[in-house]
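Here is a short briefing on one protein model. Look over the structure first, then read the points by topic.

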Amino acid sequence: GAGVCDVLAMLCMRPAKQGGASKLASADAIYKHLLGQPELLKLLEEGFMYDAEAVEYHPDWRQPATGKRKMPMAFRDANGRPCIQYAKNMVETIMAVYKGTSEEEVVRA
């Protein structure tokens with residue numbers, strides 16, 4: 001189905017001079033862990049203001065998102081499988097959107 005990944009391939013175009021480690025984790029394991037933290041899971045399922053197009057196709061991806069739509073970071077697909085969406089640029093952009101708002105501390109936590 002749409003949005004389902006059976007295979008994940010990673011390619012390094014420019015090796016880092018230092019660090020550069022990539023991490024992979026099971027969405028199922030993360031989701032099961034989050035079930036033990038229902039308030040956090042609810043927040044991640046509700047989502048955050050994020051405009052993927054404005055960020056991912058913009059030369060300065062650290063710009064604040066301009067969209068008014070919340071995008072969940074944890075959800076279940078059409079077949080009920082857990083999905084976790086995480087990318088460093090997504091998290092940094094989300095933080096920029098909420099900076100200086102009454103919701104900043106909740107999002108930061």
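D28 counts as partly exposed, at 35% relative accessibility; that class lies between buried (under 20% relative accessible area) and exposed (over 50%), with a 1.4 Å probe and protein chains only. This is a predicted model: local features need pLDDT of at least 70, side-chain atom pairs count only at pLDDT 80 or more, and totals for chains, interfaces and linings use all residues. Residues are numbered from 1 along each chain as its sequence is written, and side-chain values use heavy atoms, with hydrogens and water left out.

**Salt bridges**

- D28 pairs with K32 in a salt bridge, and their closest N and O atoms are 3.1 Å apart.
- The term salt bridge stands for a side-chain nitrogen of Lys or Arg within 4 Å of a carboxyl oxygen of Asp or Glu.
- Both D28 and K32 sit in helix α1, 4 residues apart, or about one turn of the helix.
- K32 is exposed, at 55% relative accessibility.
- A salt bridge also joins the side chains of D77 and R81, at 2.9 Å from N to O.
- D77 is buried, with 15% relative accessibility, whereas R81 is partly exposed at 37%.
- The whole structure holds 2 salt bridges.
- In general, side chains of opposite charge can pair when their charged atoms come close.

**Overall layout**

- The protein has 5 helices and 4 strands.
- Helices (H or I, at least four residues) and strands (E, at least two) are DSSP runs, numbered from the N terminus.
- Read from the N terminus, the order of elements is α-α-β-α-β-β-β-α-α.
- The protein has 109 residues, and 24% of them count as buried.
- Accessible areas come from the Shrake-Rupley method with a 1.4 Å probe; for residues, only the protein chains shown count as cover.
- Take contacts between residues at least 6 apart in sequence: 49% of them join residues at least 24 apart.
- A contact means heavy atoms within 4.5 Å.

**Nonpolar core**

- The largest nonpolar core contains 14 residues.
- Such a core is a set of buried Ala, Val, Leu, Ile, Met, Phe, Trp, Tyr and Cys residues joined through side-chain atoms within 4.5 Å.
- L44, F48, M73, A74, I94 and V107 have the most contacts inside this core.
- Helices α1, α2 (38–46) and α4 (88–98) each supply at least two of its residues.
- The largest share, 4 residues, comes from α4.
- Beyond four places in sequence, A74 touches Y31, L34, L41, L44, E45, C83 and I84.

**Y98**

- Y98 lies in helix α4 and is buried, at 5% relative accessibility.
- Y98 and F48 are 50 residues apart in sequence, yet 8.9 Å apart in space, C-alpha to C-alpha.
- Setting aside neighbours within four places in sequence, Y98 contacts F48, M49, K70, E103, E104 and V107.

**Surface patch**

- L8, M10 and L24 form a nonpolar patch on the surface, with about 360 Å² of accessible area together.
- Patches use residues with over 30% relative accessible area and no salt bridge; like charges are joined within 9 Å, and nonpolar side chains (Val, Leu, Ile, Met, Phe, Trp, Tyr) within 5 Å.
- L24 is found in the segment before α1 (27–35).
- L24 is exposed, with 63% relative accessible area.
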